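Please open the model in your viewer and keep the sequence panel beside it. The tour below goes from one selection to the next and says what is found at each stop.

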Amino acid sequence: MTDEPAGLTRTGPTRTGLTRTGPTRTERAVNGVLLPGFESSGPEIPGSEIPGSVSADHDGARVPSWLADAARAGLAGVVYFARNTPDVATTAALSAALHTISPDLVIAVDEEGGDVSRLEATSGSSLPGAAALGAYPGGGSVSLDAGRALGRVLAAAGINLLLGPVLDVVSEPDNPVIGVRAFGTTPEQVARHGIGFARGVRSAGVGVCGKHFPGHGATTVDSHLGLPVVDAPLDVVRARDLLPFARALCPDSGLANPGPFNPGPFNPGPFNPGQSGLDQSRLDAVMTAHVLFPAIGPAPASIEPAATRLLRELGHDGPIITDALDMGALRQLTGSVGEAAVRAVEAGADLLCLGLDPALYTESNDALHRAVANGRVTVEQLEASGVRTRALVAAVRIRRAAAGTATGVDAAKAALAELADVGAGIADAVVTVRGARLVPLAPDAEPDVADLRTRLDHAAGRTAQHVQTAIVAAWPGATLFPALLADGLPEGLLEGPESAERGPYEPVGEGADPKPLQLGLDDRGLAVLIARISRYGVSADLDRIGTKRGAEFPTGAPVSQRPLVVITREPFSGSAERARLEQLWAVRPDLVVVHTGLPGPVDGWFGTLSGGGPAVVVACGTGRANAAAAVARLRGYAGDGQSS
């Protein structure tokens, strides 16, 4: 990848060698709605050196020249991905370099905690995710405390906008993309914890962006791959999906349900920053989802004018941010990221999220220039979006000054240590054991560990291996199925083109074609594992081994000297994950489960297995804090340092 996107000639030196005096009004207006990701392995620009970087060659650790040029030409901001944030020290220094170039730059990041972490993508998040906060026995105040601790880390690292909290109500257990990222399964639970979390983050001097409006919790399709459709009546959408957003936008109004909605033509109208609701709202921005709600309009919410109108009618007058425009849901519908960018602006979006490839920035920039030239979009509309974004930046700057939050490398390290303490306490209180009494693994045990998860969580940007890593650290003799490579990824797992964050799964060899993602055991790996743990030797006949002969085992009778730990995420009836679990349970009724998915359906998913099912460590996610607490349960500690 080159340091400069092809065709980017509007700012800085042109291809004729003549230097312009500055960007035009249209150039600044177009840049003012773009929020790209970036990476760079080339030399840094003068003045952007980042002291203290872990690796001088780390992708994203320097500011590429095309990004610096765009920032000087009015770029709204950037989105950090894991490649930009190998550690908090590098992140803080990178943020300082970017703000030296453009002090008003929005620096945003997906740092939800739990399964979705950018600042701790390699090690796993210190903070359990939203599901763990929602399950905390002490109530909603824990989300306030967790948000404040996370906000201090973000502020210290120079980040001024968190792309969170997730305000989706996960009403569909077979949801491939939300799951434990949600605070709960009821609107009231999500609203209570979401508002508390947002207040905590804001108290540290960081802006928040509620997502994914109007709601992604009732979907069965991952919008990274395809277009989800929520074909529910508007009154259901109001009562279930919109309520957390309505309450977060107007927390003091007593609003229980959104009011009447008129899905007529959208007209953004003038924007007066003096009337901004940033102070009374608990949200500084709102992210729209690539989800189609036929009851609202004929297009996905991120490019649907009626969805924007609905959001404005709910009281939001800050920036509206799209989910990443290069995701599969929009690619398939619009045909190009450039067309998606234009349609999003036409629908009333203020900031357009883009992925890591600088070609996405160029394509969107060019498409918006053409849209201005042919009258589809006006400069005035783009500038109104820029005013909203600058009002957000100004409000967050004032808030941060009032909070007195420290910024810089040392402050970031200290804040991260504090976050780890907070997260460990939450995980210790939340991670529990369900079902049969768990027999603790001996200190010298050599367990077999089988990952039964069959679907990649694209939002997390990687296959989370933190549970396996924690188990191997506790029991070095453990054998993993599938085996992990040296970099912690499953053998044979490469990056697919549909991944939202290209980076964690690099193809083997320069120019190698990406292969379909395979998470967990495939059929062959399962056969090998069953042969390993079965009394009956090697056989490829999984039905004979897993079902018929499994019935011959006395309940609870151990069949191997090696304990068997299996990792699950969504073993609902009829799923491939459930089928694998049933086959292993038939031959190993002494197995123990570490469940990383939704905590709510655990009894239904596992209690319906023969004999009442196995002991299940309910981890509420795959973050590092969750994994550490899960290992403590496997060791026999019931929580708060007490042994069971």
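This is a predicted model: local features need pLDDT of at least 70, side-chain atom pairs count only at pLDDT 80 or more; totals for chains, interfaces and linings use all residues.

Residues are numbered from 1 along each chain as its sequence is written, and side-chain values use heavy atoms, with hydrogens and water left out.

**Aromatic pairs**

A search of the whole structure finds four aromatic pairs; rings of Phe, Tyr and Trp (its six-membered ring) pair if their centres lie within 6.5 Å, and planes under 30 degrees apart count as stacked, over 60 as edge-to-face and the rest as tilted. Select tryptophan 66 and tyrosine 361, one of these pairs, which is tilted, with 5.2 Å from centre to centre and 35 degrees between the planes. This pair links distant parts of the chain, 295 residues apart, since tryptophan 66 lies in helix H2 (residues 65–72) and tyrosine 361 in helix H11 (residues 358–373); helices (H or I, at least four residues) and strands (E, at least two) are DSSP runs, numbered from the N terminus. Tryptophan 66 is buried, at a relative accessible area of 1%, and tyrosine 361 is buried too, at 2%, where buried means under 20% relative accessible area, exposed over 50% and partly exposed in between (1.4 Å probe, protein chains only).

Next select phenylalanine 213 and phenylalanine 245, an edge-to-face pair whose centres are 5.3 Å apart and whose planes make 90 degrees. Phenylalanine 213 belongs to strand E5 (residues 207–213) and phenylalanine 245 to helix H7 (residues 234–249), so that the pair joins distant parts of the chain, 32 residues apart.

**A charge over a ring**

Move to tryptophan 475, where the charged end of arginine 635 sits over the ring, 5.7 Å from its centre; the rule asks that NZ of Lys or CZ of Arg be within 6 Å of the ring centre and within 35 degrees of the ring normal.

**Salt bridges**

A salt bridge is a side-chain nitrogen of Lys or Arg within 4 Å of a carboxyl oxygen of Asp or Glu, and by this rule the count comes to 29. Select arginine 397 and aspartate 104, whose closest N and O atoms are 2.9 Å apart in a salt bridge. Arginine 397 is partly exposed, with a relative accessible area of 43%, and aspartate 104 is partly exposed at 43%.

Are the partners in the bridge between arginine 399 and aspartate 284 buried or exposed? Arginine 399 and aspartate 284, with their closest N and O atoms 2.7 Å apart, are both buried.

**Helix H8**

Finally, select helix H8 (residues 305–313), in which Ala306, Ala307, Thr308, Leu310, Leu311 and Arg312 are buried. The cover over these buried residues includes E5, H7, E6, strand E7 (320–322), H10 and H12, contact meaning heavy atoms within 4.5 Å. At the start of H8, a side-chain oxygen of glutamate 304 comes to within 3.0 Å of the backbone nitrogen of alanine 306. After H8 comes glycine 315, with a positive phi near 110 degrees.

Conventions. A polar contact is a pair of N or O atoms within 3.5 Å; within protein, one must be able to donate a hydrogen and the other to accept it, and residues adjacent in sequence count only if both atoms are side-chain atoms.
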